[in-house]
Amino acid sequence: MAEADGFVVDFPTLWVATDWAQAHCVIPDGFEKGDPFILVDWQLWSLLNFYRVRPEAKFGQLAPAFYYRRGQVVLPQKAGKAPYSSAHICIEAVGPALFAGWAKGGERWDCRDHGCGCGWIYEYRPGEPMGRSWPTPLIQITATSEDQTDNIYDALRPMIDSGPLHELIPKTGEEFIRLPGNGEIAAVTSNARSRLGQRVTFCPQDETGLWTPQTGMVKVAETQRRGLAGMGGRAEETTNAWDPGEGSVAQRTAESATGDIFRYHPQAPAKLSYKNKAERRRIHRHVYAGSRWVPLDAIEAEAAELLQTDPAQAERFFGNRLVAGADKAFDLELYKTLETEDLQLEPGRLITLGFDGSLTRDATGLVATDVEHGFQDVLGKWERPPELAEDDEWDVPIDEVNEAVDQAFATYDVWRMNADPPHYRDDLNRWAGNYGSDKVVEWWTNNRRQMAFALRDFKTDMRPGVMSHSGDEMLVRHIGNSVKRPTNIRDEDDRSFLWLIGKATAKSPQKIDLAMAAVLSWIARGAAIAAGALNPPPKYDRASW
Ligand SMILES: [Zn+2]
């Protein structure tokens, strides 16, 4: 197997924990239900790393005895994450989950000393770290929804009920499992606010790729980590590959610079294309290596079906790759065909303006639309020079921004300017003072509903004969950079879900601000037409007839 080299255990760890798990946990479902749960390579590797002990660990230490403060396992659909988490929960519930000092040799874990009549005995070798159980294990299976927590919980119950653990844990309830020593296993979601602040010793956090800031789960993860830190407990994330544009808990963990997080995320060589069937098979063989129960033909069938509707999702789910899920918001090729040299913004023309501004990081742009022709051009643009280093200082030259706005109002007949207020409150007020508050309008792009409908209209109008543009390099680039951010806002007409636009990732250097400015300008143009701005003034006064 390709990763075999990576699976060398040359560090001290609680072998007793993984041996105990295989002696006590049973396969929770299928034809082999009730048979011993034998850990496959990736499961063994992940657990042995989770229980890796620091060489200087001292008896009495809880989490600090371990090399890793928490863990993260990233695997594709059906690789066996739920039974894995269940076995891990069993170890933390009644198994040897804590460091109990270094063996001189001959010491034993004897199940009879731990209330278990199964007869299992583990003899430590000299110098090996020993294990002991939590006196009061408090475990929270955590996910975004009950369906998700059920995934693990439904594997956990038969794993306990159908094997030797039944003696230690006689009753597994629908809602929670009572453990010896007044401990318990409960399933929680973000709804269970009161439970989330509780003391915890182990938190399996499932599908953290879905734990985005919008779901409230980033807070949940932080709350649980505080609770764990107070108790000397630890957490383990299990998840599919995530969308790198969403800032999920999984993404934050993976991108965290700290060295005390164990991460397991097998990935096939990047040169293999997921769209190519033969290469896709190789990718599957790689990421499902060791999950012997997975029929790769069935995976291929599911992946091929999903590829037709959501290729990014398919590549994440079955290819274990981090792919920006959201599709590109606009058809860049179509947009490029709308470039025209026949039109330009002639002085005195009736125009609308859109302004989206940043101060240091993102770009700032002023886009104009010729109301009659639907022709867009850029009147001002400021972008942080790409050659600057991350910590180099750079500010948008505010004077130049002001000058560009003044120039626009001096040169054209501006019907309205829609401007996103953050960072430019004072300037907006001054422009409104100079040119009228009916002309300079605050337009909040963070108003999701308003923005989603504006984007729908902009995209609908993006077609020959309706919209055209000057081909400004930065504008075209920003249109191409924009990726869709799904919302739960529905279009009243066809009930489809509307979307917002964002950068591919929060820190992405691929800016979209001129696209925003173009949308704001376009929306103002629509308002101008609706208000009759293009209707020719009457040639004769009726009264003079
Ligand atoms: Zn036992």
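In this predicted model, a zinc ion is held by four donor atoms, namely NE2 of H24 and the SG atoms of C111, C116 and C118, at 2.0 to 2.3 Å. Donors here are N, O and S atoms within 2.8 Å of the metal (3.2 Å for Na, K and Ca), and water is not among the atoms, so sites may look incomplete. The angles subtended by the four donor atoms run from 97 to 122°, which makes the arrangement tetrahedral (four donors with all angles between 85 and 135 degrees). Along the chain, the donors follow the spacing H-x86-C-x4-C-x1-C. H24 in helix α1 and C111 in the loop between β3 and β4 are 87 residues apart, so the pair links distant parts of the chain. Both of these residues are buried, that is, under 20% relative accessible area with a 1.4 Å probe, protein chains only.

Residues are numbered from 1 along each chain as its sequence is written. Local features need pLDDT of at least 70 and side-chain atom pairs pLDDT 80 or more, while totals for chains, interfaces and linings use all residues, and side-chain values use heavy atoms, without hydrogens or water.

Turning to the helices (DSSP runs of H or I, at least four residues; strands are runs of E, at least two), α2 spans residues 41–50 and is mostly covered, with eight of its 10 residues buried. Among them are W42, W45 and F50. The buried residues of α2 pack against α1, α3 and several strands, including β1 and β9, where contact means heavy atoms within 4.5 Å.

Elsewhere, M451 and F458 are among the α15 residues that meet α17, where W522 is one of the partners.

Definitions and conventions:
Buried means under 20% relative accessible area, exposed over 50%, partly exposed in between (1.4 Å probe, protein chains only). Four donors count as tetrahedral if all angles lie between 85 and 135 degrees; four count as square planar and six as octahedral if opposite donors are over 155 degrees apart and all others between 65 and 115; anything else is irregular.
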